[in-house]
Amino acid sequence: MDPIRQAKVEELRRLGTEPFPTEPFPTNTTAAEILRYYPQQKLDFKAVRLAGRLWRKRLMGKASFAVLRDHTGDIQLYFQRDDFAERPELYDTVFKKLLDLGDIIGVEGFVFTTKTGEITVHVQRFRLLAKCLHALPIEKETEEKTYAAFTDPELRYRMRYVDLIVHPRVREIFVRRTAIVQAIRDFFNARGYLEVETPILQTIYGGAFARPFTTHLHALDLPLFLRISNELFLKRLIVGGFPAVYEFSKDFRNEGIDRYHNPEFTQVELYVAYQDYLWMMELVEQLLETVAQKAVGSTVVEYAGQTIDFAAPYRRVRYFDALKEAVGQDVRALSERELLALVQKYELPVPEPPYEAIDLIALLFDKLVEPKLIQPTFVLDYPEALSPLAKKHRSEPGVVERFELIVGGKELANAYSELNDPFDQRQRLERQAALREAGGLEAMPMDEDFLRALEYGLPPTAGLGLGIDRLTMLLCNAPSIQEVLFFPLLRPQSG
RNA sequence: GUCCCCAUAGCUCAGCGGUAGAGCAGCGGAUUCUUAAUCCGCGGGCCGCAGGUUCGAAUCCUGCUGGGGACACCA
């Protein structure tokens, strides 16, 4: 805490100004509203009440200017000593000396235009609403120079409230994030899909490949997992007869942290009965085109120095065709030894054993194909071994009806014609169980109740998972996932 | 988990073996139309932490802590 500001709290109380008053201060306008409507005189500006942070002070003798920043923007304030003739200390001491930049104040007065043409509130009464006890890193910008920016990422993330106070652009990212979520919700609701909630605490985790967080329920003396996915629960609901369900799902994965990964992140998952992955591709195209248009105002966005267009339709390429394009041959024809040679040829790190041919194929795809797909691209018909929850392809052996949508070189969405054959599903999960036996930490555990649900009959279903954080990054041109999470995970400060 | 980079005033940074610096913010004064207000004056620091080298360390070395980037992992 700033000791000077602390001392001002005492001084204010001595002068009869409570720095944290109980009384509310209802406002009747905002900075943006005044700036927008005053020139047209569309509203009465003779008795405005607005509140916000004191942002700048330009003190002179008997009259001074200040700037108030509220949630809509900045507006200039004008104070005159003559207006406080009964209690001149309100101007001379409280306003000029005891109010600091960052203090939350409420003002009342009338709007006028200064000689230099700036719309300004002539303050007749003001009240301190909450004292700010820390110096605020307020930026000053001109065409030539920028003073005192608050740029240290660690400080910005640890004290996001300060980041938000100081950087309107950060606020805009999060407003847009909410607009994105809302646009998706509207899109799904317009089609009659039902928004649902499923458990975050799960006794068996599944639906993705990842190490889970574990916890414990004392009441039942039961180990529990935080969900890595909600897929298996949403499919149970389709079994139960809902024709289409979706959920915005905070998922938790006990994996590495980097520019694209936070231990907790958000996906929206959607399951629609009687449809397949081809239908889902068209839905995703429509969805993203609509969301970009609504949240950004355009389907074309700048991301990491590139221009990306979300207008439908998107390029489609089959998994093995894309890989063939990259390495010049069909990797399905290669032995494990030949695949290994290919991995080494491209100077990719050979995975830790135990690994199988399919792991080498996935490695080649992830390193040689995915990063090059900048424009929205559907990669379809994945190898079966990589997709234990997807239905076998209707005509091509060895692959499943699955697509990933790659944008900006990263996976944005993942979808299947869902596997609804309980016999096939059991075999696939048994293979996963074998991988776990062999030390595969991310392989899926067996889930007998999910299999029983499939045995009751899952209609043919199209399923989708779409990364909300990644989509927000793309639509906000945010370079890291931390920029689109209010409170990204950081190691706690020691000492 | 590995490698590289960073850590100096509230904020943004300079200084890189010889007394700790600037701008913005702050404090005191002047100022009734300023808007990066201006003018005069002033204070502010365990130079991330702990060791080491040296006559002398913010500066060189080692370790630790925190952060950033890359890799690995996360198909």
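Which atom of RNA strand B lies 3.5 Å from a polar side-chain atom of Glu 255? In this predicted model, the partner of Glu 255 is a sugar or linking oxygen of RNA strand B. A backbone N or O atom of Leu 59 lies 2.8 Å from a base nitrogen of RNA strand B.

Now take the RNA surface as a whole. Of the atoms of RNA strand B within 4 Å of the protein, 60% are sugar or phosphate atoms, and the rest belong to bases. Several elements each supply at least two of its residues, among them helix 1 (3-14), helix 4 (153-158), helix 11 (357-369) and strand 3 (73-80).

Strand 3 also holds Gln 76. Is Gln 76 buried or exposed? Its relative accessibility is 7%, so Gln 76 counts as buried. Its side chain makes a polar contact of 2.7 Å with the side chain of Arg 58. A polar contact of 3.1 Å joins it to the side chain of Thr 120. Beyond its neighbours within four places in sequence, Gln 76 is in contact with residues including Phe 65, Val 67, Thr 114 and Ile 119.

Finally, the domains. Chain A is assigned domain 1 (3-136) and domain 2 (169-314 + 375-484). Their centres, taken over C-alpha atoms, are separated by 49 Å.

Key:
Residues are numbered from 1 along each chain as its sequence is written. Chains are lettered from A and ligands numbered from 1 in the order in which they are written. This is a predicted model: local features need pLDDT of at least 70, side-chain atom pairs count only at pLDDT 80 or more; totals for chains, interfaces and linings use all residues. Side-chain values use heavy atoms; hydrogens and water are left out. A residue is near a molecule or strand if one of its heavy atoms lies within 4 Å of it. A polar contact is a pair of N or O atoms within 3.5 Å; within protein, one must be able to donate a hydrogen and the other to accept it, and residues adjacent in sequence count only if both atoms are side-chain atoms. Helices (H or I, at least four residues) and strands (E, at least two) are DSSP runs, numbered from the N terminus. Domain bounds come from an automatic or database domain assignment. Buried means under 20% relative accessible area, exposed over 50%, partly exposed in between (1.4 Å probe, protein chains only). Contact means heavy atoms within 4.5 Å.
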